[in-house]
Amino acid sequence: MRAHGREVKRGGRRADHPAPDVEADSAGLWSQRTARDADGGQAGGAHSAQDDLAGYAERWRQASALPWWQPRSTLLREVDRALRAWAHGYRSAPDAVAANRARLDQVLTAIGRWQESKPGRVSARSAFVQQLTDLVQDALRVPTPPAEPESEAREPGATRRGKARQTEDDASSDHRHPPVDIDDDTRFTRILDELRSIVRTEHALGSDREGAGGPSRRPGAGSAHVGGNGPEAPALQEPEAGAREWPGTWATEIRELDQGNNLLGPNNGLIRRLRGNDPTKYADHIRRFVDSLADPAAPASDARDVLYELRNAARTAAQVRIAETRGFPVWGGPSALPTVLQNDLLELVNAKLLWQSGDQRLHPWPFNEAAKKPDYLVGDDPAEPGEGVGAQEFYDRAEEIGDHVRVTTTVSGEGAVDQVVDNFGRNVSSKLRTYADKDRLRVIVDLHENIALHPRAEALRQRLLDQLRTLYRNFPGEMARLTQVDAITPDGVLTFVPGDWTADNGPETSSQG
């Protein structure tokens, strides 16, 4: 069995490095940053503070995670996004100093907003945020590059960059960095590094979502270049053959999510009833949900958190009292947000979760007509409906389909785990009956919203597998049509394939990571 989920990283304690003396020979330090060793690597010592921060950035989400009843706030997710932007830029072009420093400033700005939202009290995440603040400030203490002398022979783009940098130095009256003699090739390479960092980061964060979505569900992968094809103009983006970045085939679906009669659109009757007399009610939640869902750099859990914020915001006063009295989690208890709407939105969230886990075989079902409507079209590159092909004909022709189901309970204890496991098996069996006319079916079961699983999700894997093996023993012919089952749990995604439930009941050997 394959398992996708959070990778548990142990250790990771930061080794303290003395802060660099910015009054020292910073020109010498900067010369080290542009020097290469015999193997072509980076000169030692220049990036230690940034490397510390980059390592912490990789485990930031996990380090600052709290129990399920304390989700990440909107402002904390802004810190997450700013940190991701810096980390992506730093990994892409560690020598793009100006761009990387600007992103570090944005991280501090986001942290400041988060801290301002908690006046007079200490958050449970304060220690983690303080450690992040210390690391960012350490990284900012690394000296900036010296101002470069103007040269008429320099490339026009490089001249503009040089003027901008000189203006910044003049404005700050910072004359601690004397000019160093860097040849034109090295200077041009550094300029390209900064351009590459900016373009890659903006692409990863979906900053131009409207253009990135495009008119097609499957935008072709391409490479952007600066200048010609020579060695001095390396490609800015070179995706691997066949690789697709989220939102991929989901771009149109997500972009139109809040339009017209779509799930979150103003003409959807469910949304109109939810808003009542205020047509702008929940507009901020909807915008943030769509933005997070479309952002390839944001984890799928961000969109899930925003959806739960919307669910809480939609509680009536009576529902709020019930939720507070009974101690329901953010996703539990009564809410005016229709269950069917929440289910449909989680189909999108979990499609993103699976794509980000490396599984890009789920695509949106292209019809909303009354014909039998699965949630997903499944395949590496499934065909879209041709001209004149209707919903029923397309369904009949589809080689593999997928369907999503959400299993929830608000009770805890071992009996609740038994209930979740039993419901898991019943729902897989139900999907097999619903799509009895299809030879290849994949089922995605969302188990995230179950209090009983949060403290014991690791023990769940074998029990779910036992359910599938029982189904296989009792209904081998039906189970032969099942291609894959994905269980969305609090710890990530557990993926089961036919080889798992057809194997003899031996010891569980799969690992989660």
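Colleague: Where is Ser 335 placed?

Modeller: Ser 335 is in the loop between helix H13 (317–326) and H14. Helices (H or I, at least four residues) and strands (E, at least two) are DSSP runs, numbered from the N terminus. This is a predicted model: local features need pLDDT of at least 70, side-chain atom pairs count only at pLDDT 80 or more, and totals for chains, interfaces and linings use all residues. Residues are numbered from 1 along each chain as its sequence is written, and side-chain values use heavy atoms, with hydrogens and water left out.

Colleague: Why is Ser 335 called buried?

Modeller: Buried means under 20% relative accessible area, exposed over 50%, and partly exposed in between (1.4 Å probe, protein chains only). Ser 335 has 17%, so it counts as buried.

Colleague: What makes the approach of Ser 335 to Arg 311 a polar contact?

Modeller: A polar contact is a pair of N or O atoms within 3.5 Å; within protein, one must be able to donate a hydrogen and the other to accept it, and residues adjacent in sequence count only if both atoms are side-chain atoms. A polar atom of the Ser 335 side chain lies 2.7 Å from the backbone oxygen of Arg 311. The side chain of Ser 335 also reaches the backbone nitrogen of Leu 337, at 3.1 Å.

Colleague: Which residues does Leu 53 touch, beyond its neighbours within four places in sequence?

Modeller: Contact means heavy atoms within 4.5 Å. Leu 53 is in contact with Leu 83, Trp 86, Leu 104, Leu 132, Leu 135, Val 136 and Ala 139. Leu 53 itself is in helix H2.

Colleague: How do you know that Leu 53 is buried?

Modeller: Its relative accessible area is 0%, so Leu 53 falls under the limit for buried.

Colleague: What makes the span of H5 close to the expected one?

Modeller: The expected span of a helix is 1.5 Å times one less than its number of residues. H5 (residues 126–140) has 15 residues. It reaches 21 Å from its first C-alpha to its last, close to the 21 Å expected. Its buried residues include Leu 132, Leu 135, Val 136 and Ala 139. Among the parts that cover them are helix H2 (48–63), helix H3 (74–92) and helix H4 (97–116).

Colleague: What span does H17 reach?

Modeller: H17 (residues 460–474) reaches 22 Å, close to the 21 Å expected for its 15 residues. Its buried residues include Leu 464, Leu 468 and Leu 471. Helix H16 (414–434) and strand E6 (482–489) are among the parts that cover them.

Colleague: How many aromatic pairs are there?

Modeller: There are eight. Rings of Phe, Tyr and Trp (its six-membered ring) pair if their centres lie within 6.5 Å. Planes under 30 degrees apart count as stacked, over 60 as edge-to-face, and the rest as tilted.

Colleague: Why is the pair of Trp 246 and Trp 355 called edge-to-face?

Modeller: The centres are 5.6 Å apart and the planes are at 75 degrees, so the pair counts as edge-to-face. Trp 246 lies in the loop between helix H8 (209–213) and helix H9 (251–255), and Trp 355 in helix H14 (residues 339–356), so the pair ties together parts that are 109 residues apart in sequence. Trp 246 is buried at 5% relative accessibility, and Trp 355 is buried at 4%.

Colleague: Why is the pair of Phe 367 and Phe 394 called tilted?

Modeller: The centres are 5.6 Å apart and the planes are at 55 degrees, so the pair is tilted. Both residues are buried.

Colleague: What makes Lys 438 a charge over the ring of Tyr 395?

Modeller: NZ of Lys or CZ of Arg must be within 6 Å of the ring centre and within 35 degrees of the ring normal. Lys 438 lies over the face of Tyr 395, at 4.9 Å from the ring centre.

Colleague: Why is the peptide bond from Trp 246 to Pro 247 pointed out?

Modeller: Most peptide bonds are trans, and most residues other than glycine have a negative phi. The bond from Trp 246 to Pro 247 is cis, with omega near 10 degrees. Tyr 282 has a positive phi, near 70 degrees. Tyr 282 is also buried, at 11% relative accessible area.
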